[in-house]
Amino acid sequence: MKIESHYELSDLIKPEETFCKKANIQNNDLYEKANHNRLDFWEEQANQLNWDQPWDSVLDWKKPNAKWFVNGKLNAATNCLDRHLTTHRKHKTAIIWESETGQKQTLTYDQLHKKVCQLANYLSQTLGIKKGDRITLYMPLTPELAISVLACARIGAIHSVVFAGFSANSLQDRLNDSESKCIITTDIAVRRGSEINLKEIVDEALEKATSVKDVIIHKRTNKTINWVSNRDHNFDEAINQSSTTHKPESMDSEDPLFILYTSGTTGKPKGIIHTTGGYLTHAQYSTKVVFDIKDDDLYWCTADIGWITGHTYLVYGPLLNGATVFMYEGTPDYPNAGIFWDLIERYSISIFYTAPTAIRAFMKSGESIPKQYNLSSLRLLGSVGEPINPEAWNWYYTHIGQKKCPIVDTWWQTETGGIMITTLPGLHDMKPGSAGKPLPGIQAQCLQDDGTTIHSGGGLLSLTEPWPSMARGIWGDQERFNEVYWSKFETYFAGDGAVKDKDDYFTVIGRVDDVLNVAGHRIGTMEVESSLVDCPKVAEAAVVGIEDTIKGQAIIAFVILKEGISESANLEQELKQFVATKISPIAKPKTIIITPDLPKTRSGKIMRRLLKQAANNETLGDTTSLANPQIMEKIKQLIK
Ligand code: WTA
């Protein structure tokens, strides 16, 4: 596959001198150290954590299996909390939270620590959860979710956070795949003014998820909810009845810390496994150097903890650094398009990390909205989740950062655990649209299909040396892990296309596989297709991505109906709703096209490439291998 390097990203923008002079990283020393001896460099980063027992060797690498900081022992929660309690940070605010409805909560490191210990005691002593057991967390973005994450880490239980927008069906699959013993949830989530009854969704999921023995419910309303005795427990009561001191489990560096499900190219999501020592090393280091975190910052990452960005840069990374984190349970456009700027003004937020899809939506509602707010507290901006187009970059830089805040465009993935490619804010010039360089300690290349390195130009992005926060596997499916990431090249295959320019900056173009990136969410086309064919009215389905000015990509589904089913006025709506209920509203197709047939090769393989070209109004590629070439004309008409 050839990726055209059609990007001309030559406008270099220098970070402001005032920023650079105070930046955590002001020179190339880290790059030099890492280039000189990569393992010594990582060892130095690992030494920034508190270990119960030092490691014997830094890396044991037998592709694709890595062990970092071999035989070292530590606990993630004590590194995030306990070690700050003997410093000036004991009474420093750890979390400031606000909800869409204006509910507020503030927790100092000391208060957060107590709650985490209490929940940890309840989980281990009352419920008998042990090291290595899995606990699923299905909660909205509240401090209680962060408390739950850290309580699991404290007792050595493996957390699997499932984004609270997923359906009962998706939750059930994830509970069964991880064989979770316990689930922690909330009675309701609030989204754009309406309440979603999470407990009901959990009850439905549990009808066919038999590994779960206990449910802990954080009740934020007084509404009566279904309560199963001997199974359901109240979160606040659990905390209140438990001791505030707890002896943490000393974990092996390679013990799993969490599983996080993400979409791949098959119908089944992958449970990506991250381990303790390496993950925490990179989370702490990357947060410090990329976000330039200082003690007096108020740092806001808008991602939900249900995604990897929320794991690494809303919970672990900032807390490891003793930062104050702002959490907001709400969307950028409700109750009005100025809500994010209002929050930045009210709380004097200094670092703001969000997704290009949000920036493009802000752009659409116009710069007059952020102009009404005082955004002068901001000093650094970040972007993540999908490529940011230069136009959106410039808008963000000008209207939010007032041309004084550097932007870090951070490329990484659920599998990489933390940021891999970006500019360092006080060191590098920025190129709108280009992520930048691999972080010190990280090696990346663009490769040709045959694995040869492209020194300048477009290719397939690969990380060419192991790094501490790399995924260690797919839960229950090591073969798939080897196959997806480690069989194409000698080195890690990211699944993204990128262009490397003469200054060694990487511009990531997007996925080269059957994974879509809709508003920064990874969605497998196969997942959507298999949910559509589950609908009794559908015989076959093919799903492709089309360009979308706000969401980056949108889903378009081509559907063949079963014999005897005829098109009706609300069929499109019905099918969209079917996908939303099967997977999640985030996977809902934008358009559904009912077609009598799909383009197929003589062996019956659907040629999605042609559908994608037709949907994006591009010239069609070669149709000669089709068994039914005439169908493309028909499909083109249907699209119009
Ligand atoms: C895309 C999110 C361009 C990419 C942290 C990757 C990006 C996928 C960027 C991972 C960026 C993420 N520029 N593309 N700065 N950041 N991506 O696992 O396609 O939800 O493979 O992790 O998002 O998505 P995931």
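Reader: Where is Pro64 found?

Author: Pro64 sits in the loop between β1 (57-62) and β2 (65-70). Strands here are DSSP runs of E, at least two residues long, and helices are runs of H or I, at least four, numbered from the N terminus. This is a predicted model, where local features need pLDDT of at least 70, side-chain atom pairs count only at pLDDT 80 or more, and totals for chains, interfaces and linings use all residues. Residues are numbered from 1 along each chain as its sequence is written, and side-chain values use heavy atoms, with hydrogens and water left out.

Reader: Is the peptide bond from Lys63 to Pro64 cis or trans?

Author: The bond from Lys63 to Pro64 is cis, with omega near 0°. The bond from Tyr334 to Pro335 is cis too, again with omega near 0°. Pro335 belongs to the loop between β17 (324-329) and α12 (339-347).

Reader: What is phi of Asn230 near?

Author: Asn230 has phi near 70°. That is a positive value in a residue other than glycine. Look for Asn230 in the loop between β11 (214-218) and β12 (232-234).

Reader: How many residues surround the ligand?

Author: Start with the cut-off: a residue is near a molecule if one of its heavy atoms lies within 4 Å of it. Here 17 residues surround the ligand. The closest are Asp409, Thr414, Asp496, Arg511 and Arg522. At least two shell residues come from each of α11 (308-320), β20 (407-410) and β28 (506-511).

Reader: Which polar side chain lies 2.7 Å from an oxygen atom of the ligand?

Author: A polar contact is a pair of N or O atoms within 3.5 Å. Arg522 places a polar side-chain atom 2.7 Å from a ligand oxygen. The side chain of Gln413 has an N or O atom 2.9 Å from an oxygen of the ligand. For Asn517, that side-chain distance is 3.4 Å. Taken alone, the ligand exposes 520 Å², and the protein buries 96% of that. Accessible areas use the Shrake-Rupley method with a 1.4 Å probe.

Reader: What does the domain assignment of the protein chain give?

Author: Such bounds come from an automatic or database assignment. This one gives domain 1 (100-249) and domain 2 (515-639). Their C-alpha centres lie 37 Å apart. The contact (heavy atoms within 4.5 Å) takes 6 residues from domain 1 and 7 residues from domain 2.

Reader: How much area do domain 1 and domain 2 bury between them?

Author: Buried area is the accessible area (1.4 Å probe) that two parts lose on being put together, summed over both. Domain 1 and domain 2 bury about 450 Å², 48% of it on carbon and sulfur atoms. Phe166, Ser167 and Asn169 supply 58% of the area that domain 1 buries against domain 2, more than any other three residues.

Conventions: A polar contact is a pair of N or O atoms within 3.5 Å; within protein, one must be able to donate a hydrogen and the other to accept it, and residues adjacent in sequence count only if both atoms are side-chain atoms.
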